[in-house]
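Biologist: Please put the model up. I have a few questions about how its parts meet.

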Amino acid sequence: MDSATQERRKERIDRGIKVRTEGIYAISSWQGITYMALPTVAFVVGLLILPLVVPTMAWQRIIVIACLFALLALVFDFLTNFVGIVCLGGAFFTGVGGYISGLLNSAWGIPIIFTIPIATLGGAIICTLFLLPCLPMRGIYFAIVSLMYPLLFARVIQALNIFGGTDGLPGLSTFPNIWVELYLVLPIIILLTFGIRRLVNEDFGIVLRAIRDNDQAVKASNINITWFKTKAVLLGSAIGCFAGAYLAHLYGWMGLSLFALDFSIFPIAATVVGGGGTLVGPVIGAFILAPLSEMLRAFGPLRVVFYSLILAGLVIFSTEGLVPYLERKYHQFERWIEV
Amino acid sequence: MHIFIFGLVNSVILALFASGFALVYGVSRLANFAHGALYILVGFSTWLFLNRVGINYIGSIVLSILIVSLIGGAIYRFLLIRVKGMPDSEIIASLSIGIAIMELFRWRGFISETYMLPPFVKGSVNLLGVMIDWQRLLIIGVGLAIMASLWVFTHHTKVGLSLRAIAQDKHASMMSGIEPDRTAVIALAMGSALAGISAVVILPLGNITVETGYMVLINAIAVCIVGGLGSWAGVFAGALLLGFSQILATALLGPHWQMVVVLLFIIITLIIKPSGLLGRQKELEERV
């Protein structure tokens, strides 16, 4: 007992109000209701008023892009931490969604209100069909295949010179104005974040989490795990394809950059920053990283260097993420106690 | 005949790409996604030593291979050692280190001019009716020499035997006093040196570009996956298979298809038999 650190240690205790608001009695006091609802309300209101507080239209554009990245990050978090599928195929989803929507729009002139839903559903089915043979694979093997699909598709399009080839197709119809762009996607993010959180606590989600923990045991309980994984991937790829279709119409252009590696790497970074397994975390992480990467754009290629160094640092020094940290501070207090 | 000779050269090139990656993976089960970055690092640093510092060609080659093997060892010792045993984190960490190195070169303006290393031997020779330059023949020679010396190294030296021991049975070799982390550092340093050697023999064939790094990485992964991760015979088989199919695809369909073939091979192999042609089957680790 010579050094001070040995005599004391940090103790974490739940706040009294957290314990009081766990059950139905939370609604017995305004304080309890406020405490319980504050994080959710702050998240929803924060997202909704964010476009109003940023100064310029360029920043509003960045928010739209951050929203789309947030959707991809949400998919990544859902598939990785709730289904146990490490899917690096974000670029695959955006590419397929964007190309379907773009082709429908440019070839037959179908308006946006129809192309985006068609791309979402059709893209989800296509992506799921392609990923179906790989679903029995575990961990790193699935990760590599899903990382290779977007590269393969981009190369095939380039080699066959179809769908506009290397140059892509310009002149897709765009959204009428920035407010439509913003307030079409923001409610969807909020809806999906809380929808998926509800889903993973339903019976369906319990099976998914069981598959993540021990797939053999679930299989032994006579549950078709591939079918459950298929449904999860279908949901994930639908969201990803929606993001891709949205992006294509946002730029009014579709091209090979919809298959770019960024869409696979960014969700990982956002999840690491925000905290995996929280669903809200990746969304917040995307809203931190997307503006950051825009600000670093002035540095040119050095931006990617910063970016990957930050990612490597966060992974190597295994940080817990922003949301778990905030959650802990919110629900618990810490004090030093004598040992 | 044309296809046969160039297919052979291409296979040896692929085997060289993959040898470092396979060595690291075989010993420490670590997929080193920074492999491509280390490859172009050697290319650029050799060019710098040769043209900016003014050391002679052999000297700059030796110096940059030494430097890159130190860097490879350091990457494991100080960074990757922390995420050991978590395959996803290993891949993300090493890939982002690799991307950081490659994009650093892009930022320093290594794309504006063309960077070329001079070939060791100039000129070409008519071999069975096919004109082939000496450098390509040299690649075959160096490739075979490296494979032979790797075999001797892993079968007849103490360090090499300890590398193989760790690869075969980690716990048993730890019991006999082999330090897994030290062998992993050695493996990564050697893997980087192999990347370096292949870089200095292969790069004189064309320009040094940042994209080469990504290309090398994908090819190395493809060869290892098709042949079977962690199997040397598999590296040969995978390199031959991919090398000839690349050349065939280029000859029959066009140069764009070269990469498509590689990616298709990766995906099909992983779907049908994830352990590869000659890898040891670990059914439960791979699929449910």
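Biologist: How many residues of chain A are in contact with chain B?
Modeller: This is a predicted model: local features need pLDDT of at least 70, side-chain atom pairs count only at pLDDT 80 or more, and totals for chains, interfaces and linings use all residues. Residues are numbered from 1 along each chain as its sequence is written, with chains lettered from A and ligands numbered from 1 in the order in which they are written. Contact means C-beta atoms, placed from the backbone, within 7 Å. Chain B brings 32 residues, and chain A brings 35.

Biologist: Which helix of chain A supplies the largest share of the side that touches chain B?
Modeller: Helices are DSSP runs (H or I, at least four residues), numbered from the N terminus. Helix 7 (139-160), helix 10 (215-220) and helix 14 (302-316) of chain A each supply at least two residues of that side. The largest share, 13 residues, comes from helix 7 of chain A.

Biologist: Which helix of chain A do the buried residues of helix 11 of chain B pack against?
Modeller: Buried means 20 or more other C-beta atoms, placed from the backbone, within 10 Å of the residue's own. The buried residues of helix 11 of chain B include B:Trp257, B:Phe265 and B:Leu270. They pack against helix 9 (210-227) and helix 10 (232-252) of chain B, together with chain A's helix 7.

Biologist: At what angle do the axes of helix 12 and helix 13 of chain A cross?
Modeller: Axes are lines fitted to C-alpha atoms over the stretch in contact, and angles run from 0 to 180 degrees between N-to-C directions. The axes of helix 12 (residues 262-274) and helix 13 (residues 280-295) of chain A come within 7 Å. They cross at roughly 110°.

Definitions and conventions: Contact = placed C-beta atoms within 7 Å. Buried ≥ 20, exposed ≤ 12 C-beta atoms within 10 Å, placed from the backbone.
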